[in-house]
Amino acid sequence: MGVYFNPNNESFASDKRSQIYIDKTGLLEYLNGVLGTSNKCIAVSHARRFGKSHAAGMIDVYYSLGSDSSDLFAGTKISENKDYRKYLNQYNVIHLDISSSLPW
């Protein structure tokens, strides 16, 4: 059983310390741009093993009130954006992982 409401940053912090970490925080810049617009419903999909869980964890920890992520995002692409602090840790986040309930 995991944390589903306002998850903390443990999972993404672990991913970021990995030797194979690639900064994909540009996705957050796009998401910030569509918040409050009619385009705010986003589906993130890729083939297997293309980093969907990593992206979801990054999105969780950036927006979640459940953690202070300023140190974690320091030095990333999103930290250079003018709206970086405006959205950082400002929202209630619910993380649902439906893949764990699928039969395959």
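**Close-ups of a predicted model**

View 1. Phe-5, Ile-94, Leu-96 and Ile-98 come together as a nonpolar surface patch of about 490 Å². Keep in mind that this is a predicted model. Pick out Leu-96, one of the patch members: this residue sits in the segment after α5, the helix made of residues 84–87. Is Leu-96 buried or exposed? Its relative accessible area is 68%, and over 50% counts as exposed, so Leu-96 is exposed.

**View 2. How confident is the predictor?** Across the protein chain, pLDDT averages 84, and 88% of the residues score at least 70. Confidence is lowest in α1, with a mean of 82, and highest in α5, at 96.

View 3. Helix α3 covers residues 52–63, which makes twelve residues.

View 4. Which residues of α3 are buried? They are His-54, Ala-55, Gly-57, Met-58, Asp-60, Val-61, Tyr-62 and Tyr-63. While you look at that list, here's a handy rule: an α-helix has 3.6 residues a turn, so residues three or four places apart point the same way. The cover over the buried residues of α3 includes α1 (10–17), α2 (26–34), α4 (70–73) and α5.

View 5. Side chains of opposite charge can pair when their charged atoms come close. How many salt bridges does a search of the whole structure find? It turns up two. In one of them, the side chains of Lys-77 and Glu-29 meet, at 3.7 Å from N to O. Lys-77 lies in the loop between α4 and α5 while Glu-29 belongs to helix α2, so the pair ties together parts that are 48 residues apart in sequence. Lys-77 is partly exposed, with a relative accessible area of 44%, and Glu-29 is partly exposed too, at 34%.

**View 6. A salt bridge between Lys-82 and Asp-83.** Here Lys-82 pairs up with Asp-83 in a salt bridge, and their closest N and O atoms are 3.4 Å apart. Lys-82 is exposed, with a relative accessible area of 75%, whereas Asp-83 is partly exposed, at 22%.

Note on methods
Residues numbered from 1 in each chain as written. Predicted model: local features only at pLDDT ≥ 70, side-chain atom pairs only at ≥ 80, totals over all residues. Heavy atoms only, no water. Patch = residues over 30% accessible without salt bridge, like charges linked within 9 Å, V, L, I, M, F, W, Y side chains within 5 Å. Areas by Shrake-Rupley, 256 points an atom, 1.4 Å probe, with all protein chains shown as cover. Salt bridge = Lys/Arg side-chain N within 4 Å of Asp/Glu carboxyl O. Helix = DSSP H or I, 4+ residues; strand = E, 2+ residues; numbered from the N terminus. Buried < 20%, exposed > 50% of the residue type's maximum accessible area, 1.4 Å probe, protein only. Expected span 1.5 Å × (residues − 1). Contact = heavy atoms within 4.5 Å. pLDDT = per-residue confidence, 0-100.
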